[in-house]
Amino acid sequence: MAVGYASGKAILFGEHAVVYGQPAIAVPVTQVQARAEVKDVGRGQGITIVARDLGRTYKLSEAPPDDALRTIVVSTLERVRVGQEKDLAITVSSTIPVARGLGSGAAVSTAIVRALLEHFDKWLDSRAISDLVFETEKIHHGNPSGIDNTVIAFEKPVYFVKEGPMEIFWVQRSFLLVIADTGVQSSTKVAVEDVRRAWEKEPIRYEGLFEDIGTIAEMGRQAIEQGDMETMGRLMTENQRLLRLLKVSSPELEGLIGAAQQGGALGAKLSGAGRGGNMIALVTQETCGQVSMMLRLAGAKDVIVTEVG
Ligand code: PMV
């Protein structure tokens, strides 16, 4: 039996604007993980996919062509030149909440690729894994920037520009993030489409907002590289102000962001597509407990603390 894992991710700066070519910064979140298990089954059974969390078991041969799990299995087997006439059970489970901005779709796909590589004793570098997962991201997201598959496949903090070279960057001083879940599921595809429609109606205004977000991502990278937590926190809060103007925040997110600020966070913002899902707050060792408590009191469904760097 072969097993593959992949972490979740959080976007620190630049979501949505990244779809329009602006830079963004994302980090892995190792506290939540997807897991895939591949094992041989009796001859003639073909490939079965068991999606534990969704309570679904189905034959690969019967899945529709736009099924994301089918797509990643088929494309991985093709990429490593293993035929599809195999007899396998592929079981997937994940502690990453679905549709909450933590990259569950990309992580599940990455875990499947890793488990298949292990099972067939093959090797692909992180770039090749990321490219395979990107194809399934198109099914989940419609028009993905590629940031989720990149940060999850490389498992490092990344400075990402769509269709540009990906850069892994140096975290000068490790920092703590509190990640809190509104409990509200939100479709990345719908949020991205809504922003696109708004941009089509008011291109100049929206391009200005995207550029401002891109500038914040640049400055955010410098702050992280210099270990300047105060500036990083201020930039997160400013990024949130611009995301609000893009109309991707929500009352639940604003409630949690306000609570984190009251608890003494250096900065706070939504993370991912918004409209629900998770928010992140930058905290110190001293404020971490207080901020986490305030978030729970404000109704967070889950609170994770992760150290970056
Ligand atoms: O909601 P998530 O974790 O899939 O993040 C989406 C990030 C967006 O910038 C909104 C879309 C994208 O493809 O980059």
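The model is predicted: local features need pLDDT of at least 70, side-chain atom pairs count only at pLDDT 80 or more, and totals for chains, interfaces and linings use all residues. Residues are numbered from 1 along each chain as its sequence is written, and side-chain values use heavy atoms, with hydrogens and water left out.

**View 1. Helices α2 and α3 cross obliquely.** Their axes come within 9 Å and cross at roughly 140 degrees. Axes are lines fitted to C-alpha atoms, for helices over the stretch in contact, and angles run from 0 to 180 degrees between N-to-C directions. The pair is therefore oblique. The crossing of α2 and α3 is right-handed (near helix turned clockwise from the far one by less than a right angle; left-handed if anticlockwise). From α2, Gly105, Ala106, Ser109, Thr110, Val113 and Leu117 make the contact; from α3, Ile129, Leu132, Val133, Thr136, Glu137 and His140 do. Contact means heavy atoms within 4.5 Å. By class, six of these residues are nonpolar, five polar and one charged. Ala, Val, Leu, Ile, Met, Phe, Trp, Tyr, Cys and Pro count as nonpolar, Asp, Glu, Lys and Arg as charged, and the others, Gly among them, as polar.

**View 2. Helix α1 packs on α2.** Helix α1 spans residues 68–79, and its axis lies 10 Å from that of α2, at an angle of about 35 degrees. This crossing is right-handed. Leu69, Ile72, Val73, Thr76 and Leu77 of α1 meet Val108, Ser109, Ile112, Val113 and Leu116 of α2. The contact has eight nonpolar, two polar and no charged residues.

**View 3. Helix α4 is mostly covered.** Helices (H or I, at least four residues) and strands (E, at least two) are DSSP runs, numbered from the N terminus. In α4 (residues 147–154), eight of eight residues are buried (under 20% relative accessible area; exposed is over 50%, partly exposed in between; 1.4 Å probe, protein chains only). Among them are Ile147, Val151 and Phe154. The buried residues pack against β1, β2, α2, α3, β6 and β7. Just after α4, Glu155 takes a positive phi of about 55 degrees.

**View 4. Ile280 sits in strand β10.** The strand covers residues 278–283. Ile280 counts as buried because its relative accessibility is 0%. Beyond neighbours within four places in sequence, its contacts include Ala10, Ile11, Leu12, Val178, Ile179 and Met236. Gly267, Ala268, Lys269 and Ser271 also touch Ile280.

Definitions and conventions:
Angles under 35 degrees count as roughly parallel, over 145 as roughly antiparallel, 65 to 115 as roughly perpendicular and the rest as oblique.
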